[in-house]
Amino acid sequence: MSSGGNVILEARGLTRRYPAGRQAETTGSVRAVEGVSLRIRERETLALVGESGCGKSTTARLLLGLEPPSAGEVRYRGRELGALSAAEMRVFRRSVQLVFQDPFASLNPRLTVGSMLAEVLAVHELVPRAKRPERIAELLKLVGLDADAANRYPHEFSGGQRQRIGVARALAVEPELIVADEPVSALDVSIQAQVLNLLADLQARLGLSYLFIAHDLAVVRQVADRVAVMYGGRIVELARADELFARPLHPYTKALLAAVPSLRPPEARRRNADPSLPEGEVVDAPSFGCPFYPRCPSPAKDGECVAALPALEERRAGRWVRCVKA
Amino acid sequence: MSAPMTGSRRSVRREAWRRFMRHRQAVLGLLLTVLLALTALMAPLVAPHDPDEQTDIVATRYQPPSVEHPMGTDRFGRDVFSRVVYGARISLMIGFLAVAIAISIGTAVGAIAGFLGGWLDTTLMRGVDLLLSFPRLVLLITLVALFEPSIALITLVLGLTGWMGTSRIVRGQVLTVREMEYVTAARVLGFGQARILVRHILPNVLTPVIVAATLGIGNTILAEAALSFLGLGVQPPTASWGNMVASGRDTMLNAWWITTFPGLAIVLTVMSFNLVGDGLRDALDPRHVV
C-alpha cells in the first residue's frame, strides 16, 4: 500500500460473523465483515465507503476493540489489541477516539458540556483539577465554541454545535487517530462543510489521522487521502483518492460514483460509470463467488465471477481491486 | 455557528411541570398528597384529642360524629378523627420507607442484570419471575408470621416484597440506554464499568423509576392496611388505618363511622398517589400522553 508515516492501526484479515438465528443450520452465520485488511498511517485520512449494511460500522467497532473479531486481528502500533495489558489498553483508549454520526444520541443528556469534558480529563488524569476549566475552555475554542458552552446541556445546542462538542470530547484525550463514523451525514449540507473544515483544520494543527466512514462520495472526495470501498463485508477496491475518483476500477465503485449528484452534463458523468445502476440489496450477496455478482451490470461471460471469490489484487502500487474483469 | 438556542434544562423541567399542571386529576392528587403529608407532620396540632386517650369508656364509646368528635368515637371512647390523623403518620412513614427500600433493591438488581447480562441476568430475572409468581399478600403473611410484628419489620418486609416490578423496569431501561452512543463514547474513552453504569446509564433511567415509586407508595399503603387489618401489621393500641377498620368490623352496622373514616382515608390516599403517579408519567414522558 502507499508509503507514508508509521502505521497507527492495522486490520489483518478482520472478520466478524453473527449467529444467524434459526437459519444458522443452513447459512451458518451472517458475515458482517470478512477478511478486511487495512492500515491507517500517521497524519493520513483513510475513507471507508459503501452502502448501509456493507460492514463499515462493524469494521469501526472492531478496530476500536468494542467487540472481538471472529477471526483476524487488530494491531495498534504493531501490538495485537487482545494482547494489550490494562495499562497499554489505557494508552490505546487515549490514542484512538470515535466521533459519531448522530449528534443527538452521542452526548449524555444529563451532563453539562463542562462536566462531560472534565470527567475525561479526570479519568485519564490529564490535567490537575485547578487547571481543568482552563483546558476545557481551550478544547471548546479548538472546535469553534465559546467557553461558556461548558455550562450548558447538550440539548441547548444545534446539531452542528453538538457535533463540535463530540469532537471536543474526542480531542480531550489528545488522540492520534479519530474514527469518524458518518460524522456529517446527519447534518444539514451547509453545516456539513463547516464540520468538514473543522476536521481538516484540526488535522493540520494537531497532526491527526482519520478513519473517515461515509456513504457519500462527495464528502469523501473533500477529505480523503486514500479510499477503501466496501461491499458485502469485503473491501472491493482500495486506492489513492485522486486515482479512485479519476479512474474507478471496480463496477461497484463506478456505480457509487455515478450516483454522486453532479453539475456536469450527463454525458460527462457517464464517461466513468456504467449507466445501469445496480439494484437489489447487499444481503443478497452469495456465499461463494464475487459478492457483487448478483448486482453487477457487466459480469464476465465465462462464469468466472461465480466460480470463486476474486482476490483483492494489487494492480499498481497502492491500487487494489477485487474484480476479475477490472 | 450562531444557531438559535433551544431552551435550557430548566425550561425542560418547566415544560414537564406545565404538562403535569394541565393534568387536572394529577393536580388534585398532588394537593391531597400535600395536605396528607402536612396532616401527618403536624398531627399533634391537627388532632383535637390524644389518639390513645381513654376516659370514661362507658360514657364516651360509640358516639356518632359530632362537633366534639368529627368522626365519632370507637368502642374505647377514643376520638376516631385523631386516630385517623395519627394513622396517616404510620401509613405514610411505612409507605415511603418501604418504597425506598424496594426502589433501592429493584434498581440495583435491574441495573446489574441489564448491564452485565449473561447468566447473571438470566438468574436474577428468573428469580424475579419466581418471586412474582407468589401473591404478594401470601409472601407478606409468611414473612411477618415468622417474627414478632413491629413497624420496622412491616416496613422491611413490604420493601423486600415490593422491588420486583422496579427491577424489571430498570433492567429494560438499562438494556436500551447501554446501547446509546454516549455509552459507547464512554467505553471508547476508557471509562470503567462502574463509572459507566452509575454516571452514564442510571441517571438516564430514573424517570420511569420515579413514576413507579409514586405508584408504589399507594400500593404499599394498601398492603400495610391489609396486613394491619389481618392483625399482622401495626399492633393496637397504635393507630393504623388497617387495624382501625378491623376494630370496627363487628359493629359496622351500629357504628359505621369507626370503619368508614379510616377506610375513606385509605381510599383517598392510595388514589392520590396513583393520580400523582399517572400525572408524572404523562408529564415526564411525552410519548405516553393518552
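This is a predicted model: local features need pLDDT of at least 70, side-chain atom pairs count only at pLDDT 80 or more; totals for chains, interfaces and linings use all residues.
View 1. Residues are numbered from 1 along each chain as its sequence is written, and chains are lettered from A and ligands numbered from 1 in the order in which they are written. Helices (H or I, at least four residues) and strands (E, at least two) are DSSP runs, numbered from the N terminus, and two strands pair if DSSP finds at least two bridges between them. E3(A) pairs in the parallel sense with strand E9 (residues 226-231) of chain A over four bridges, and with strand E8 (residues 209-214) of chain A, also in the parallel sense, over five bridges. In E8(A), A:Tyr210 is the bridge partner of A:Thr45, and A:Ala214 is that of A:Val49.

**View 2. The burial of strand E3 (residues 45-49) of chain A.** A residue counts as buried if 20 or more other C-beta atoms, placed from the backbone, lie within 10 Å of its own, as exposed if 12 or fewer do, and as partly exposed in between. Five of the five residues of E3(A) are buried, so this strand is largely enclosed by the rest of the structure. In a regular strand the side chains alternate between the two faces of the sheet. Here A:Thr45, A:Ala47 and A:Val49 point one way from E3(A), whereas A:Leu46 and A:Leu48 point the other way, and all are buried.

**View 3. The open sheet of eight strands in chain A.** The order of the strands is E6-E7-E8-E3-E9-E10-E12-E11, and the pairing is mixed. E6 and strand E11 (313-316) stand at the edges with a single partner strand each, so one side of each is left without a neighbour in the sheet. Neighbouring strands are turned against each other by 20° on average, direction ignored, where axes are lines fitted to C-alpha atoms, for helices over the stretch in contact, and angles run from 0 to 180 degrees between N-to-C directions. Helix H2 (residues 56-63) of chain A lies across E3, strand E7 (177-181), E8 and E9 of chain A, and runs at about 150° to E8(A).

View 4. With 18 other C-beta atoms within 10 Å, A:Arg43 is partly exposed.

**View 5. The packing of helices H7 (residues 136-145) and H12 (residues 206-229) of chain B.** Chain B has 14 helices and zero strands. H7(B) and H12(B) pack at an angle of about 55°, with their axes 11 Å apart, and they are therefore oblique to each other (angles under 35 degrees count as roughly parallel, over 145 as roughly antiparallel, 65 to 115 as roughly perpendicular and the rest as oblique). B:Arg136, B:Leu137, B:Leu140 and B:Val144 in H7(B) meet B:Ala223, B:Ala226 and B:Leu227 in H12(B). By class, this contact has six nonpolar, no polar and one charged residues, where Ala, Val, Leu, Ile, Met, Phe, Trp, Tyr, Cys and Pro count as nonpolar, Asp, Glu, Lys and Arg as charged, and the others, Gly among them, as polar.

**View 6. The side of chain A that touches chain B.** Between the two chains, 25 residues of chain A are in contact with 20 residues of chain B, two residues being in contact if their C-beta atoms, placed from the backbone, lie within 7 Å. Helix H3 (86-95), strand E6 (96-99), helix H4 (113-123) and helix H6 (159-171) of chain A are the elements that give two or more residues to this side, and H6(A) gives the most, with three residues.
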